[in-house]
Amino acid sequence: LAVSIKAWEQRLHTVTQQKEAARQQKAQLSRHYTQQQKMVAEIGDRARTAESRLQALREMEQAYEGYSRAVQELMRQKGKQSWGPGIKGVVAEVLRMPGRLEKALEVALGGAAQNLVVDTEKTAQEAIRFLKQGNYGRATFLPLDILRPPRVEVPPKSKFSGILGRAVDLVDCTPEYRPVAEFLLGKIWVAEDLSKALEWARHNNFYRRVVTLEGEVLNPGGALTGGSLPPRGTRFFSRRREIEDLEVKVRLERNNLLTQQQEKAALENKAQELAQRQETLEKEHHQLELTCSLAQKDSIQLEAEAKQVQEHLQLMVFEEADLRENQVRGQAEIVGLEEQLLFLVEQEQEIREKQKFLQEKLKEQDVQAREEEKILSALREARATGTQQILGLEEQLMHLGNEEVKRERELTEL
């Protein structure tokens, strides 16, 4: 039992350590889960904010907000009028440009960003007729079948640093819309900043138009345009860029949110498993405490019983010694009794012989007794006969007596 108690106490110590480790792990997991919840909430907020902004920008883009009324009305007719499919879109839709060049090229295009690209001059004529009839305003059209970009003399590669090149070479579009890019941006150059633009313009006698990455414009002849630009959401290229960026951001945020939610779910599962393990450890700990307590009580009781058994054994040792002494005495008594028994056996033999002698003698006496019994029986019979005779005589005497009395009476009477 002592070995079992020690094993239980060791297991209780182990379970206690496991409980503490589980408690610490649960506390750490709880902190991690709280951080994860906060992160999921933050990512969700960012995703919702981005989605809200994206939805607003998409609605603005679909409604062609910021464009002229003429452009808005014509874009609504793409699916309604017979000439509608001939409208390819506005310049801001068919040209694409790197993010760092947006300010420069938006400024370079200016109002031309709202020009409508159409397939033929006939489509342009029909659209102009529609605008006149509805009094919707004016628009500029770029028919692909008649559009002829001006010839531009391209100077040799500039030895000046900070000149990025012609604007048309910095934008991206499909081959179908390359004439549009050449027509609008073929004569415009892009510089890193205004000082580099001025240095290059002086070298070329202020002959060409130059725009900077920050949106300043150096016009032919030396006129400068600059200052603050409208908010990004009202600039067409910037708005499209922001929509694309937001689409990527929303997708990334949603993927990140899904990942974080999965990790949160994994933490919840882990927390549930840990709670179950804690519950199991608590039960085992309680059971071990109860077992150890009962075992200690049993140990105390067993020690008391062992003491009683020891005392009983000691008493039995004393009793055994007494029994041994009694055994010795008993063996001596047995020897004495055996001697007495032998003596009694001899006496019994003698008695048996005497008994046999007496039995023989009794047999003889029995025969004699039977003879005497016969004689006695005969005497009894004779006695009975004599008695009967005596009774008969007495009756006769009595009768004679009565007769004598009767005669004496009769004699007296006489």
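Q: What relative accessibility does Arg-46 have?
A: This is a predicted model: local features need pLDDT of at least 70, side-chain atom pairs count only at pLDDT 80 or more, and totals for chains, interfaces and linings use all residues. Residues are numbered from 1 along each chain as its sequence is written, and side-chain values use heavy atoms, with hydrogens and water left out. Buried means under 20% relative accessible area, exposed over 50%, and partly exposed in between (1.4 Å probe, protein chains only). Arg-46 counts as partly exposed, with a relative accessibility of 37%.

Q: How many salt bridges does a search of the whole structure find?
A: A salt bridge needs a side-chain nitrogen of Lys or Arg within 4 Å of a carboxyl oxygen of Asp or Glu. Searching the whole structure gives a total of 13.

Q: Which residue meets Arg-46 in a salt bridge?
A: The N to O distance in this salt bridge is 3.1 Å. Arg-46 lies in helix α1 (residues 2-62) and its partner in helix α8 (residues 236-413), so the pair ties together parts 207 residues apart in sequence. Helices (H or I, at least four residues) and strands (E, at least two) are DSSP runs, numbered from the N terminus. The partner is buried, at 10% relative accessible area, and is Glu-253.

Q: Which residue pairs with Glu-51 in a salt bridge?
A: The N to O distance is 2.8 Å in the salt bridge between Glu-51 and Arg-254. It links distant parts of the chain, with Glu-51 in helix α1 and its partner in helix α8, 203 residues apart. Glu-51 is partly exposed at 28%.

Q: How far apart are the closest N and O atoms of Arg-58 and Glu-247?
A: Arg-58 and Glu-247 form a salt bridge. The pair links helix α1 with helix α8, 189 residues apart. Arg-58 is partly exposed at 33%, and Glu-247 is partly exposed at 30%. Their closest N and O atoms are separated by 3.0 Å.

Q: What is the relative accessible area of Val-190?
A: Val-190 sits in strand β5 (residues 188-191). Not counting residues up to four places away in sequence, it touches several residues, including Leu-101, Ile-163 and Val-211; contact means heavy atoms within 4.5 Å. Val-190 is buried, with a relative accessible area of 0%.

Q: At what angle do helices α2 and α5 pack?
A: Ala-70, Glu-73 and Leu-74 in α2 meet Ala-127, Phe-130 and Leu-131 in α5. Axes are lines fitted to C-alpha atoms, for helices over the stretch in contact, and angles run from 0 to 180 degrees between N-to-C directions. The axes of α2 (residues 69-76) and α5 (residues 121-134) are 11 Å apart, and the packing angle is about 115°.
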